[in-house]
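Welcome, and take a moment to look at the model shown here before reading on. The paragraphs below are meant to be read with the structure in view.

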Amino acid sequence: MRDFRATKKYRGDVAARYDEKRAVKDVTRRDQAIVENYLSKVAPGSSVLDIPAGTGRFIQFCLNRGLRYTGVDISPDMLDVARTKVPAGATNVELRVADARALPFGDDAFDYAIIIKFIKWLPNLELLIDVLKEIKRVTRKEAFVQIKVTRRLPLRRRAANLLGQLPIARHVFGAQADENGSSAAKTPVRPFRSFSQQELAEAFAAAGLHVRAIVPDGDLRRGRNFYILAKQVD
Ligand SMILES: C[S@@+](CC[C@H](N)C(=O)[O-])C[C@H]1O[C@@H](n2cnc3c(N)ncnc32)[C@H](O)[C@@H]1O
């Protein structure tokens, strides 16, 4: 199976310092509130699979709500940090090293799945479809999936993003802000993969999932949505 950058990135020091670096970000707090709001509507006693669990930031919330929590991640180092968040004697938590593309669980093993800060790392549509198929296979009711959606930028900004890679661009565009609110010359290339509405429709259909609802991120500049996905009824 071909790796992509995130499968190797979150090791060692990156894992150890992940919480400290991320906790300060507004976007992290907003994500957290949106996911917790979703989970607060899930019936106590339900099982939730967190793919990938990272450092386990949703563990405590799930336990407080009486949910059964399972987290998987390809990085043992991230899960080591997550383990420090499991209260002593907690029986409703399981953490396992696993690849999101081949989950070590049977069909319909979980009521719900949450997939946060992961899809943006997938380099192409084929991989997105593979991951969505695995999510569908192991999930009985719903999956809550955060996805960055491609937005069509005005021509001037697209040009700025492209030309911003050249040193001369700073003089041409000055402090022209791109969609991330930074100068085009400083951040010419958007680092994460986004998918167009058409690609998403194709991927959901190929995976046999349908959109039950869409929860917008709230920050229009980022173009991210949280999709509540469920199995298509044949
Ligand atoms: C940005 S972190 C997000 C973690 C968590 N979902 C959160 O929101 O805090 C991305 C995580 O994806 C994990 N990862 C990367 N490739 C993976 C794969 N193929 N299968 C499972 N986890 C993977 C990394 O180890 C890392 O912990």
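What follows is a walk through this structure, from the overall picture to the sheet, the core and the ligand.

Please keep in mind that this is a predicted model. The secondary structure of the protein consists of 10 helices and 7 strands. Of its 234 residues, 32% count as buried. If you take the contacts in the protein with a separation of 6 or more, 64% of them come from residues 24 or more positions apart.

Let us turn to the strands. They form an open sheet of 7 strands with mixed pairing, and reading across it gives the order β3-β2-β1-β4-β5-β7-β6. At the edges you will find β3 (93–97) and β6 (209–216), each of which pairs on one side only. From one strand to the next, the twist averages 20 degrees. Lying on this sheet is helix α10 (residues 197–207), which touches β5 (139–148), β6 and β7. The direction of helix α10 makes about 135 degrees with that of β6.

Is β5 mostly covered or mostly uncovered? Strand β5 is mostly covered, with 7 of its 10 residues buried. Setting aside its neighbours within four places in sequence, Val145 is in contact with Ile115, Ile119, Phe226, Tyr227 and Leu229. Val145 also has a place in the largest nonpolar core, which has 49 residues. The members that touch the most other members of this core are Val48, Ala113, Ile114, Ile115, Leu132, Ile135 and Val145.

Finally, come to the ligand. How many residues surround it, and which are the closest? There are 16 residues around the ligand, and the closest are Tyr10, Pro52, Gly54, Ser75 and Ala100. By type, the residues of this shell divide into 8 nonpolar, 3 polar and 5 charged.

Terms used: Residues numbered from 1 in each chain as written. Predicted model: local features only at pLDDT ≥ 70, side-chain atom pairs only at ≥ 80, totals over all residues. Near = placed C-beta within 6 Å. Nonpolar A, V, L, I, M, F, W, Y, C, P; charged D, E, K, R; others polar. Pairing = 2+ DSSP bridges. Helix = DSSP H or I, 4+ residues; strand = E, 2+ residues; numbered from the N terminus. Axes fitted to C-alpha atoms, helices over the stretch in contact; angles between N-to-C directions. Contact = placed C-beta atoms within 7 Å. Buried ≥ 20, exposed ≤ 12 C-beta atoms within 10 Å, placed from the backbone. Core = buried A, V, L, I, M, F, W, Y, C linked by C-beta atoms within 7 Å.
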